[in-house]
Amino acid sequence: MPDTTHPPKPLLSPAPLPPAEGKPAPPPSARRSHRRWNAIFFLLAALSGFALRMAYLPFEGQTSLIWLAPVPFFLAVRLLPPKRAAKLAFFGAFCFFASALTWFWPLSENGAPAILIVLGEIGLSAYCAACVALCAAALSRLHAPWRRLREQARAWDASFRTSLPDSPEEETAERQLDAIRKKSLWLEIASPVAAGVLWAGSEYFRATFGGGFAWYTLGNALIDFSALAQWASWGGVYLVSAFVAVLADALAGVLTRTVDTIRRTPGTTRRHLDLTVALLILLTAFSSGLSQWKKLQTTYQSEPKHFLRIAAVNPEMPCVFNNNQEEWEAGERRLAERTHLSSATPVDLIIWPESAFWGVLPSPLEEQALADLAKQYKASLLFGCSDTLTPDGSKQMEIPEGRLLFRNAAWCVTPANLLENGISAKPRWQTYAKRHLVPFGEYIPLDKTFPVLQRLSPTNGSCFPGEKPVLFDVPLKTNPDAMPVRLAPLICFEDTVPPIARTAARSSDFLVSISNDAWFRGSHEALQHHNEARFRAIETGIPLIRVSNAGVTAIAFPTGASTENASGGFLSYPVPVPPMTSSPYRTLYAITGDWIFGIPCATLLVAVLLFPRRRKNMPQQNG
């Protein structure tokens, strides 16, 4: 018979709390146990970080670890208060980034100052780990109500088991346990979604704040999972990362409930609704992404109307720190030989990587020599070179004694006989200055205010950034009836920064990235750099032509596919020109950028951190 004298009540505490009369110090055994568990937690965090590392290059065949390695992170944010969760997350993330950024070490062999290498790796790893810690603190705050329900469930379950059968105390405990399960149900459904959103927000924050570092997102490990990677064309690579976080959080929930079942803590449901939500999200994403991928496959497998025939050259020039003149001369010979070999058949565009030409423009003599070379091969020539133009390109900058002022630029020269004006016209020169400069590589922070800091620069000076994207017009010599194609140049790490590539891609047919990976020769940086850049082709919906010095020279397509790295030091390839569109943008991400996903996620992350939910005082059961 139901007990009508005890109507249902709100969630109660199973017993009144004793009066606070000062908290006694824990016994030595409790302190030892606390330290032991702390050591175990930090060990698990380190193992999680190193397991996550194995999901990226140069490790082969371990990509599936990306789904499992973050699970301990999401366990910590469920079970621990914000400060402890943030500490563990920082430690595990630091282990990951410090092991991932070991491609900094070859800089010492190439002549870079050791102190800058050590400070750079430690500082960058700490910055990236701090962003992960912020995400952990925010998620832990969101899980605070669940933790409170879990503790109440333990107490009510103990009360239920110690109560007499069919007693009012047993029925009250049963009602409270049922109410706890219902509230836990909704928290479990929301948990994977919150995990995906806040993790994506932390990655966006890391990639943009203070110059940012966009490498090693969770989504980047899925570049070869073409169906899921296609979602970058809607919300950027951060949306792909969110899918990983959603499943990892759901698996953490399943693991928590399994342990709770063993320990008989009935504070949560047994329906695994968080896993159900995660699988539905992934199934929907996979299905729609696969449909998008098939459409793109059909587009690029069908016979295109026009091709841009390129000759991309990787001369393997020495690092900028190398003062061995013989090695520089050997690199120049390789540049000339490979340019000749790659242009054995008619080409429209010859591409040299960043730092392949070590002169400084404008220079009448250098310009004449390069224009003559382009005329010899009857093709446009695109190359990387420093220039001394003002930021708006209007005039040559003065160079005060002892202080170099220049830009890291891409130049394109088209011979006069390929232009519409005919053979009597002058060669056409086009230039683009790099907008996203690398700190401590291309500039030293505050060096304009304190010129003495320029002595720390590896190039004895600092670059000025460019102000806007530029499109290069390149005529198709191999197809005179076709319209000139429009190329959006990027320089080095700019192809790892989504907003830079997005703004460059407007109204363009191709992205062309020239880079110099000789700084990190002998490491896996070049392979990881290429994998990072491949997402820019998906996000913008146009092919990305990458030409690197001592790195990967290949072509990435909007399907996520990539050609093999150039063999023999050069790549001759007919790149299909994408079909014309009525819009200057080809994808939703190209239209909206990060306003549709990345920025809202980062805003929610900041909101949770700044305005945490206040804990409500729970009424207690009368004694």
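Select Arg 338 and Glu 316 to begin. Their side chains meet in a salt bridge, 3.6 Å from N to O. Arg 338 sits in helix 12 (residues 325–342), while Glu 316 is in the loop between strand 1 (307–313) and helix 12. The two are 22 residues apart, so this pair links distant parts of the chain. Bear in mind that this is a predicted model.

Glu 316 is partly exposed, at 33%.

Stay on Glu 316 and look at its backbone. Its phi is near 55 degrees, a positive value in a residue other than glycine. Now jump to Lys 378. Its phi is also positive, near 55 degrees. Lys 378 is in the loop between helix 13 and strand 4 (380–387).

Next, select Glu 188 and Arg 257. They form a salt bridge, with the closest N and O atoms 3.6 Å apart. Glu 188 belongs to helix 7 (residues 168–208) and Arg 257 to helix 10 (residues 237–262), so the bridge ties together parts 69 residues apart in sequence. Glu 188 has 2% relative accessibility, so it counts as buried. Arg 257 counts as buried too, at 2%.

How far apart are the end C-alpha atoms of helix 11? They are 41 Å apart. The helix covers residues 273–301, and at 1.5 Å a residue its 29 residues should span 42 Å, so the two values agree.

Move on to Arg 546 and Asp 495. This salt bridge brings the closest N and O atoms to 2.9 Å. Arg 546 lies in strand 11 (residues 544–549). Asp 495 lies in the loop between strand 9 (485–491) and helix 14 (498–505). The partners are 51 residues apart, and both are buried. Across the whole structure, a search finds 13 salt bridges.

Finish with two prolines. Select Leu 57 and Pro 58: the peptide bond between them is cis, with omega near 10 degrees. Pro 58 is in the loop between helix 1 (28–53) and helix 2 (71–79). Then select Leu 361 and Pro 362. A cis peptide bond joins them, with omega about 0 degrees. Pro 362 is in the loop between strand 3 (360–361) and helix 13 (364–377).

Terms used
Residues are numbered from 1 along each chain as its sequence is written. This is a predicted model: local features need pLDDT of at least 70, side-chain atom pairs count only at pLDDT 80 or more; totals for chains, interfaces and linings use all residues. Side-chain values use heavy atoms; hydrogens and water are left out. Helices (H or I, at least four residues) and strands (E, at least two) are DSSP runs, numbered from the N terminus. The expected span of a helix is 1.5 Å times one less than its number of residues. A salt bridge is a side-chain nitrogen of Lys or Arg within 4 Å of a carboxyl oxygen of Asp or Glu. Buried means under 20% relative accessible area, exposed over 50%, partly exposed in between (1.4 Å probe, protein chains only).
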